[in-house]
Structure formats: structure tokens, C-alpha cells
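Welcome! Open the structure in your viewer, keep the selection tool at hand, and follow along stop by stop.

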Amino acid sequence: MRGSWRWAAGLLCVPLLAGCTPVSGTSGAQPSVESRAQPGRLPIDLEVGGERAGGGVVVSGGMPAPYNYGPTVLADGGQYRVWWCSQLPGIGPPGDDVLHAASGSPAGPFTDSGGAPAVPVFSGQPGGFDGMHTCDPSVLKVADRYYLYYTGAAGDDHAHGNSIGVASSADGRSWRREADGAPIVRPSGEVHRENAYGAGQPSALYLEGWFYLMFTDTTASGAGWNGAGQFVLRARDAEFRSQVEALTGEGFRPAGGARARSVVDAFSADWMWVPALDAFAIAHQTADGTSVTFWDREFTSHPYPPVLISGPWQEGPGLVRRLDGTAPVSTSDPCGTVPLDVLRATALLPAPTDIRHFGIDVTGFDGCATPEQAAVVLDGFAVPSPARTVDVLHDGQRIRVERRSVAELLVAGVLDQRVSAVDGLPVVGTIGTGAEALRAPSGEVALLDDEGRLWTVAPEVAAANGSPVTDVSQSEWDSRPRGGDLRR
């Protein structure tokens with residue numbers, strides 16, 4: 001069966017995963033118990049509620065697909081898109097394929113255009129390091145490009161042959177291999193273990209100009225006896241060629257030394273940055289479901305104890321994330337609630353399949369305690385203004401909009417109560433009712449604030465604001481000072 005090579009290695013993981021503790025497996029320097037986020041205090045206990053579990057399979061390649069696992073999920077333009085490891089017989093070269101589907105909800109069902117359960121969008125490249133197998137996708141979008149990180153192998157006789165590759169796409173469907181089609185991460189080869197899987201199972205995110213990559217390497221010195229462990233690299237470019245750093249016991253250092261620091265004792269993990277918690281969240285499988293472990297920004301302490309998304313599982317989780325790999329923001333309570341949703345395989349027939357949806361909400365924290373944190377968490381939201389307008393938060397600043405109905409078209413939500421921390425953010429302008437609007441030759445529309453700056457909006461926003469639209473030349477459009485892009 002195509003893909004059996006990958007799962008055979010995974011079977012070695014099950015005994016350890018069933019018995020591992022939620023926050024074990026850090027090799028090298030041990031983290032302190034004290035939370036850096038709140039010096040002198042123990043980690044903050046999170047409250048868990050809103051448990052949800054889909055009753056049926058939400059992701060599948062259909063009847064021809066003998067297995068389905070390893071999903072990566074993005075909230076993308078009003079829909080949820082998922083890529084996962086499967087195969088459709090007769091499509092492409094023999095081996096694992098990456099399939100794609102979408103849904104209006106993380107609870108699915110996920111389908112592709114025309115109602116098909118899925119379509120293959122990425123397969124092996126004959127003659128390449130990934131000639132037979134492309135699996136374990138992790139997708140994110142930075143600027144106007146999607147990036148796919150994946151496990152690749154040339155054949156079934158793969159001893160220590162698994163490596164990690166990267167591809168890019170304009171639409172998340174038609175992919176082009178990057179890094180000249182070569183692996184960007186190879187097995188370190190530091191320790192020979194019975195589990196000959198190698199390097200793979202990547203999970204990528206983008207944070208403050210860095211591409212972060214977490215992955216398995218069963219040959220690393222910091223892995224467990226059976227190869228379990230998750231290692232972290234970061235780089236300034238998507239291909240991991242520029243300023244590559246590795247997480248060590250002394251923090252991030254230029255890559256090239258031993259892989260001795262593992263952040264969690266697990267296989268097939270996924271992660272995201274959670275702005276409201278100011279922490280990384282790593283989802284990995286334990287005996288009763290998906291455990292979520294939290295690390296601070298520098299991986300020196302656990303600011304919160306782990307939480308559990310319970311339920312059946314057979315293969316690692318895929319967190320529902322935003323395009324850059326950060327956590328979704330609660331539209332009802334962005335400062336005090338973080339939704340944690342995962343898709344994961346729940347059956348073994350005989351390989352992992354039956355991907356279902358599970359989720360919880362975590363509360364019990366103040367995610368907008370400072371202006372700096374409020375600016376990140378509430379970006380794209382609005383709050384009531386003391387000037388009887390609505391403050392739209394955008395890129396760490398406030399734009400006052402006179403009509404609430406107009407502000408509602410610009411943001412994910414308007415909070416009923418003002419958040420005091422936003423008072424520390426600058427007010428850069430006011431968009432009044434009936435403010436002048438300009439239209440560029442390209443068709444872009446912008447509203448002018450009281451300082452004469454252009455704020456790009458959807459055409460219907462200008463209409464809702466009662467703003468007359470004036471067509472201008474490209475030179476006049478380019479000469480105007482810019483505020484920002486408020487299109488959702």
C-alpha cells in the first residue's frame with residue numbers, strides 16, 4: 001500500500017505517546033517553572049470550556065483513498081482550507097499525495113469544487129528526493145504566496161532517507177518546488193535508532209519576520225529512545241537559506257550544531273503562535289487525545305499548564321490556524337478567549353484515516369493587558385471611542401470612524417465595551433460621514449481622513465459612508481499620503 005513506509009515508522013511511536021506526560025521531553029537545559037510573562041509567579045491556570053466534537057468524518061479522499069491523516073488547516077478568506085496526506089489510485093506517480101478541500105466551518109464537511117471529496121494538488125517528483133512520497137503537509141501564507149512544507153522520500157527503502165522540502169503557490173493548489181527541488185532539512189544522523197524514519201512531519205509558522213519550522217528527527221541526539229521529539233529551526237526566508245538559527249539549550253543560535261533540544265516528547269505535532277496568550281501552543285497526541293503545551297517566546301518557560309482536547313485519535317493533530325500560522329481570534333471575546341480546534345485521524349484501517357473535528361475554548365487570562373498586546377490581539381477589530389465614534393485598530397494605531405455601520409464593514413467585530421489598553425495607541429485620523437472618496441484607474445477605492453490620508457476600502461464601504469467617489473489619474477493617486485489598507 002502506498003504510504004505504508006511512513007506509517008510503519010509511526011507505529012513505533014504509539015507506546016511512548018500513550019504514556020508520555022504533557023510537558024516532558026525537553027533535552028538540554030531545563031526550563032524554569034516561573035513564568036516570564038508574569039515574573040515571580042507560577043504559570044497561569046487556564047479554564048477550559050466549549051468542548052466540541054464532530055460526530056462524523058469531515059475530511060476524506062473518498063472511497064478510493066485507503067488512508068487520510070496529517071492535516072494542516074488554514075482560515076482563509078471566509079473559508080477553511082485543509083491539505084492532508086492520502087492517495088488516490090491512478091493519480092500521479094506511486095506514493096503519497098497531498099490532497100486539498102475546503103469548508104465554511106472547521107466542523108466541515110470539507111469538499112472540493114464540484115462537490116468532489118478532494119483533489120490531489122501535490123505528488124512525488126520522479127528522480128527527486130521526494131520521488132515517491134510527499135506527506136505531512138504544513139501550509140501557511142506570507143504576503144501573496146502560500147508555502148507548503150512536507151516530508152519527502154524517494155522510495156520505500158528509505159532508511160534515514162526522509163527529508164523536508166518546500167514548495168510555493170499563488171493559490172494553494174498549483175505548487176512549485178523551491179530550494180531547487182532539494183531538501184531544506186535533512187536527518188542529522190547523530191544517533192542510529194531502530195526507528196529509521198529520519199526527518200519529517202514539519203509544522204511551519206511565520207512570526208515577526210521569521211519563518212519557524214518544528215519537525216521530527218529520529219536521528220537527532222535530543223530525540224527519545226524511539227526517535228520521539230520535536231526540534232525547531234527559524235530563518236528569515238521561506239527556503240531556510242538565510243540567517244538560519246536552531247533552538248538550543250541556550251536559546252536560538254546559528255544552525256549547524258547538534259540537535260540536542262527537543263520542545264516536546266512527541267511525533268507528528270502541530271503548533272501556532274497565540275497572541276492573546278503571548279505564547280507558542282504545541283498540539284501533540286497523548287493517551288486521552290490532543291495535549292496542548294505552551295512555551296514563552298524564547299522557549300525558557302511554560303507560562304500556562306497544558307490543556308487537553310479529549311477524544312479518540314490515531315494520528316497527530318492539525319490545528320486550525322490563520323494564514324501565517326497564528327491562532328484564530330475569538331470574534332466574541334478576543335481578549336479573553338482562545339478557540340483551539342483540531343482535525344485528526346481517529347481510526348486505523350489499517351493505516352490512519354477518518355479525520356474528525358474536535359475543539360475547546362480556553363479562558364481565564366487577559367490578552368489585552370498592555371497596549372502592545374492589545375494592538376496585536378485586536379488588530380482588525382473596533383471599540384467604542386470616547387469621541388462618540390468607533391476606533392478601528394489597524395497596525396498598532398487607531399482610525400476613528402464616525403458611523404458604526406461603516407466600521408462594522410471594515411472589521412471582524414465591534415466590541416460593545418471599550419478596552420482601556422487601546423488608549424495607549426495613537427489616533428492617526430478620523431473618517432467622517434460623507435468623507436471624500438477617490439478611485440484609482442485600477443479600480444481601487446479609498447476614503448480620505450481628516451488629515452488627507454488615503455484609506456483603501458471596498459467600494460461598498462464608500463457607498464455605506466455616503467461618500468461621493470471621484471475618479472483620479474494614477475499620478476494624483478500616487479501623490480496622496482497613505483494611511484493603510486482597511487479591506488477585510
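**Stop one: two cis peptide bonds**

Begin by selecting Pro109, which sits in the loop between strand 4 (97-103) and strand 5 (119-122); helices (H or I, at least four residues) and strands (E, at least two) are DSSP runs, numbered from the N terminus. The peptide bond that leads from Gly108 into Pro109 is cis, with omega near 0°. Before you move on, note that this is a predicted model, where local features need pLDDT of at least 70, side-chain atom pairs count only at pLDDT 80 or more, and totals for chains, interfaces and linings use all residues. Residues are numbered from 1 along each chain as its sequence is written, and side-chain values use heavy atoms, with hydrogens and water left out.

Now select Leu349 and Pro350: a cis peptide bond joins them, with omega about -10°. Pro350 is in the loop between strand 20 and strand 21. Most peptide bonds are trans, and most residues other than glycine have a negative phi.

**Stop two: positive phi**

Which phi value does Ala179 have? Ala179 has a phi near 55°, a positive value in a residue other than glycine. Look for Ala179 in the loop between strand 9 (176-177) and strand 10. Its relative accessible area is 7%, so Ala179 is buried (buried means under 20% relative accessible area, exposed over 50%, partly exposed in between, with a 1.4 Å probe and protein chains only).

Next, pick Ser268, in the loop between strand 14 (251-254) and strand 15. Phi is near 45° for Ser268, again positive in a residue other than glycine. Ser268 is buried because its relative accessible area is 10%.

**Stop three: the nonpolar cores**

Select Leu277, Leu340, Leu378 and Val419, the residues with the most contacts inside the largest nonpolar core, which has 36 residues. Such a core is a set of buried Ala, Val, Leu, Ile, Met, Phe, Trp, Tyr and Cys residues joined through side-chain atoms within 4.5 Å. Elements that each supply at least two residues of this core include strand 16 (279-286), strand 21 (352-363) and helix 3 (371-377). At least three residues come from each of domain 1 (47-363) and domain 2 (371-485); these bounds come from an automatic or database domain assignment.

Zoom in on Leu277: leaving aside neighbours within four places in sequence, its contacts (heavy atoms within 4.5 Å) include Phe294, Tyr304 and Phe365. For a second, separate core, of 22 residues, select Tyr147, Phe211, Ala238 and Phe240, which are among its members.

**Stop four: the largest pocket**

Select Arg322, Val329, Asp379, Gly380 and Ala412, which lie nearest the centre of the largest pocket among its 49 lining residues. Here a pocket is an open set of points on a 1 Å grid over the protein atoms alone, where a 1.4 Å probe fits, with protein on both sides within 12 Å along at least five of seven lines; lining residues have an atom within 4 Å of a point. Among the elements giving two or more residues to this lining are strand 2 (69-76), strand 3 (79-86) and strand 23. Both domain 1 (47-363) and domain 2 (371-485) contribute at least three residues each to the lining.

**Last stop: Thr389**

Finish at Thr389, in the loop between strand 22 (381-384) and strand 23 (390-394). Thr389 counts as buried because its relative accessibility is 12%. Leaving aside neighbours within four places in sequence, Thr389 is in contact with Pro384, Arg400, Val401 and Glu402.
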